[in-house]
Amino acid sequence: MLDRADNQPALPPEIGRRRTFAIISHPDAGKTTLTEKFLLYGGAIQMAGQVRAKGEARRTRSDFMKMEQDRGISVSASAMSFEFDRWWFNLVDTPGHSDFSEDTYRTLTAVDAAIMVIDGAKGVESQTRKLFEVCRMRDLPILTFCNKMDRESRDTFEIIDEIQELLALDVAPASWPIGMGREFLGCYDMINDRLELMDRADRNVKAASIEMKGLDDPLLDEKIPPHLLEKLREDVEMARELLPRFDAQAFHDGSMTPIWFGSAINSFGVRELMAGIGNYGPPPQVRPAEPRQVSADESKVSGFVFKVQANMDPKHRDRVAFLRLCSGHFTRGMKLHHVRTKKPMAVSNPVMFLASEREIAEDAWAGDIIGIPNHGQLRIGDALTEGEDLRFTGIPSFAPELLQSVRAADPMKAKHLDKALTQFAEEGAAKLFKPMIGSGWIVGVVGALQFEVLASRIELEYGLPVRFEPSQFTSARWIAGPKDKLEAFMKVNKGHMAEDHDGDPVYLTRLQWDIDRVERDFPELRLTATKEMH
Ligand code: G4P
């Protein structure tokens with residue numbers, strides 16, 4: 001039996017039952033299929049088809065652009081809420097493409113745990129590894145689902161070893177597969193001592209689930225052919241000897257992952273995984289903030305924006321800011337304090353993503369994600385509170401790794417381009433730098449595909465064909481320090497200076513050597529590759 005995570009402070013029941021998580025995986029491992037099944041068991045069957053549409057779009061390289069054309073899908077898939085058993089799940093979608101690492105990072109600041117889906121035949125793949133590293137930066141607890149066991153898979157011990165070695169993570173089996181590929185029968189549930197059998201004939205039907213009195217139970221002999229049973233008994237015995245026992249503390253610290261085996265397409269193992277998130281997954285956690293951290297059980301509402309999505313409806317230039325509630329009980333119409341601008345903000349039409357369609361949220365609790373339609377007042381990193389000046393930390397903006405200058409194909413449309421670029425910068429889709437000398441913009445991104453996505457969106461959403469061209473600069477660093485020193489520096493380095501869209505000074509260059517030189521010659525100034533959003 002696994003230990004429950006009993007070291008958590010007692011939370012109000014509505015908050016205590018919330019589980020806010022994301023799925024991380026390499027493309028094709030089965031994230032979409034698993035999401036569909038979650039929704040199926042969460043009573044949101046009508047959504048299943050829509051998620052599938054997204055899965056198919058993903059396989060074309062420009063999945064993002066395609067999704068843009070049908071914002072309904074990508075938006076409702078950004079954050080979805082559903083109930084299962086006594087739990088309330090908020091599933092936050094991580095962007096599919098490896099290029100969007102900054103976006104992904106910020107998405108992962110909004111969750112308390114992640115499910116890592118791996119393909120049983122492929123094990124830990126490159127994208128899984130990258131996303132895992134992001135989770136590790138935040139010590140997020142990870143639950144692992146080893147998918148596609150109905151296909152020829154790798155040996156179970158080999159998969160577990162690979163996770164332990166590549167990710168430096170202890171692995172505690174929650175279930176153990178019986179056979180694999182064509183012979184895959186199901187799993188032995190190591191937590192509850194149950195035999196779970198897969199139904200190959202009907203993918204959506206519940207698998208048989210039979211209580212066992214341990215591995216010696218004679219019932220097992222009736223249900224499992226001798227050669228598979230012998231292997232199961234041997235394997236489990238060895239696993240219990242060699243592998244660590246599940247330890248709730250180590251799981252919550254992010255140093256141990258429980259693993260379930262299954263087949264998402266056959267709906268197999270999914271409910272056990274969901275029960276695992278419910279039973280062992282962390283409820284809304286304490287959030288780092290300045291000047292003090294925020295606990296989920298505080299009665300006053302607070303939250304931060306981790307994502308902004310613009311032009312959801314091409315007819316209206318509206319945007320939705322996605323707010324992770326960190327504390328309290330939010331009710332519709334509440335007047336909140338917008339910490340950055342110090343202005344009150346009435347949140348009268350918040351949107352909750354209840355799987356099938358967006359719905360007006362009448363209320364929401366710490367852990368939930370609400371969408372707030374707005375006209376640009378809300379930016380990534382902004383905090384809303386009931387009056388306190390809090391700033392949630394750990395939501396960084398990364399210096400872009402690729403810079404290009406951009407111009408409108410029609411020079412008369414420069415103003416429109418300014419507007420489009422500013423909007424994308426506020427959405428977090430790109431960095432925008434206005435050089436001190438000359439006209440025009442320099443756009444910075446983390447992955448090359450983002451230039452294409454931007455060009456496509458500017459054309460689609462603003463009817464404005466644009467050209468991206470190589471810039472004379474390749475690196476950008478935010479620069480800060482005493483005012484007089486900074487001003488003196490900027491004066492003599494005008495050709496290298498720009499402002500980002502918040503008006504913060506940025507030093508642009510081609511050479512790492514330049515950056516080293518500035519650091520050496522101007523010790524009072526700080527050059528940074530990340531900036532905390534505020
Ligand atoms: P992704 O979102 O992680 O990219 O993966 P997705 O769920 O789209 O799944 C990728 C492919 O793997 C799909 O097949 C899907 O049907 C298949 N798949 C998912 N889970 C399982 C499983 O448990 N067993 C097996 N055998 N296959 C699984 P596809 O042929 O690319 O698409 P489709 O034609 O099935 O839609």
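A residue counts as buried if 20 or more other C-beta atoms lie within 10 Å of its own, as exposed if 12 or fewer do, and as partly exposed in between, with C-beta atoms placed from the backbone. The model is predicted: local features need pLDDT of at least 70, side-chain atom pairs count only at pLDDT 80 or more, and totals for chains, interfaces and linings use all residues. Residues are numbered from 1 along each chain as its sequence is written. Helices (H or I, at least four residues) and strands (E, at least two) are DSSP runs, numbered from the N terminus.

H8 spans residues 156–167, twelve in number. From its first C-alpha to its last it reaches 16 Å, close to the 16 Å expected at 1.5 Å a residue. That expected span is 1.5 Å times one less than the number of residues. Thr156, Ile159, Ile160, Ile163 and Leu167 are the buried residues of H8. They cover an arc of only 95 degrees around the axis, which puts them on the same side of H8. The arc is taken from the directions from the helix axis to the C-beta atoms. An α-helix has 3.6 residues a turn, so residues three or four places apart point the same way. The cover over the buried residues of H8 includes helices H7 (126–137) and H10 (226–242). It also includes strands E5 (142–147), E6 (170–173), E7 (175–178) and E11 (256–261). Just after H8, Ala168 takes a positive phi of about 50 degrees.

Strand E5 is itself largely enclosed by the rest of the structure, because six of its six residues are buried. Ile142, Thr144 and Cys146 lie on one side, and Leu143, Phe145 and Asn147 on the other. Strand E4 (residues 113–119) pairs with E5 in the parallel sense over six bridges; pairing requires at least two DSSP bridges between two strands. Ile118 has Cys146 of E5 as its bridge partner.

Buried residues make up 47% of its 534 residues.

Key. Contact = placed C-beta atoms within 7 Å.
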